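Take a moment with the picture, then read on.

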Amino acid sequence: MRYLLVAWSTAWLGLGCAATIPPERLQAQVLETERWQREYQSERERTEVLATKLAALESALEELAQERAEAEQARAEAEQGRSTAVDELARLETERHALEEHNAQLLARQRELAALHEELSDVWYESALERARRRTQPPLPGETATEATRPVP
């Protein structure tokens with residue numbers, strides 16, 4: 001009996017609730033539900049469009065980060081190349097300075113050697129003239145012809 005009472009009260013509540021809602025109200029609820037579904041669909045589509053745009057922006061940001069990293073690496077390589085070039089330039093400048101000093105020393109030495117050569121030429125010329133004069137001079141009164149023609153030391 002108890003089961004019958006529970007079954008009868010459940011049926012009465014189920015039928016009573018359904019029977020008590022007027023059809024205009026049911027129709028309004030259905031229309032409201034359809035409107036909410038349309039809004040949900042439009043929001044879902046808008047969210048999908050925004051997600052697509054967000055993905056595109058994230059991809060662009062990743063590309064920019066990649067380009068920035070490549071530019072930084074290229075800048076570091078250029079800086080290293082520049083420092084290497086500066087070091088090489090300093091080394092070449094030092095070498096050029098050393099070569100200029102060596103060249104100045106060689107020029108001074110060349111001038112010294114030219115002066116020495118000039119002096120030796122003068123001495124040799126004077127010596128040759130002296131020997132030529134002795135050979136062409138007549139023998140002195142006490143000398144024989146062989147003594148006059150012997151080589152001059």
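## A salt bridge to start with

Glutamate 112 and arginine 109 bring their side chains together in a salt bridge, at 3.4 Å from N to O. This comes from a predicted model. The two residues sit three apart in helix 2, so about one helical turn separates them. Glutamate 112 is partly exposed at 47% relative accessibility, and arginine 109 is partly exposed too, at 46%.

## The overall picture

Along the sequence, the pattern reads α-α-α: three helices and zero strands. Of the protein's 153 residues, 0% count as buried. The accessible surface is about 14,200 Å², and carbon and sulfur atoms account for 62% of that.

## Other charged pairs

The salt bridge count comes to 13. One of them links arginine 46 with glutamate 43, whose closest N and O atoms are 3.2 Å apart. Both are in helix 2, three residues apart, or about one turn. Arginine 46 is partly exposed at 46%, as is glutamate 43 at 40%.

Arginine 134 also has a partner, glutamate 130, with 3.7 Å between the closest N and O atoms. Here the spacing is four residues, again about one turn of helix 2.

## A negative patch

Which residues form a negative surface patch? They're Glu58, Glu62, Glu63, Glu67 and Glu70. Glutamate 67 belongs to helix 2, which covers residues 23-136, and is partly exposed at 48% relative accessibility.

Note on methods
Residues are numbered from 1 along each chain as its sequence is written. This is a predicted model: local features need pLDDT of at least 70, side-chain atom pairs count only at pLDDT 80 or more; totals for chains, interfaces and linings use all residues. Side-chain values use heavy atoms; hydrogens and water are left out. Patches are made of residues with over 30% relative accessible area and no salt bridge: like charges are joined within 9 Å, nonpolar side chains (Val, Leu, Ile, Met, Phe, Trp, Tyr) within 5 Å. Accessible areas come from the Shrake-Rupley method with a 1.4 Å probe; for residues, only the protein chains shown count as cover. A salt bridge is a side-chain nitrogen of Lys or Arg within 4 Å of a carboxyl oxygen of Asp or Glu. Lys and Arg count as positive and Asp and Glu as negative; His and the chain ends are not counted. The place of a charge is taken as NZ of Lys, CZ of Arg, CG of Asp or CD of Glu. Buried means under 20% relative accessible area, exposed over 50%, partly exposed in between (1.4 Å probe, protein chains only).
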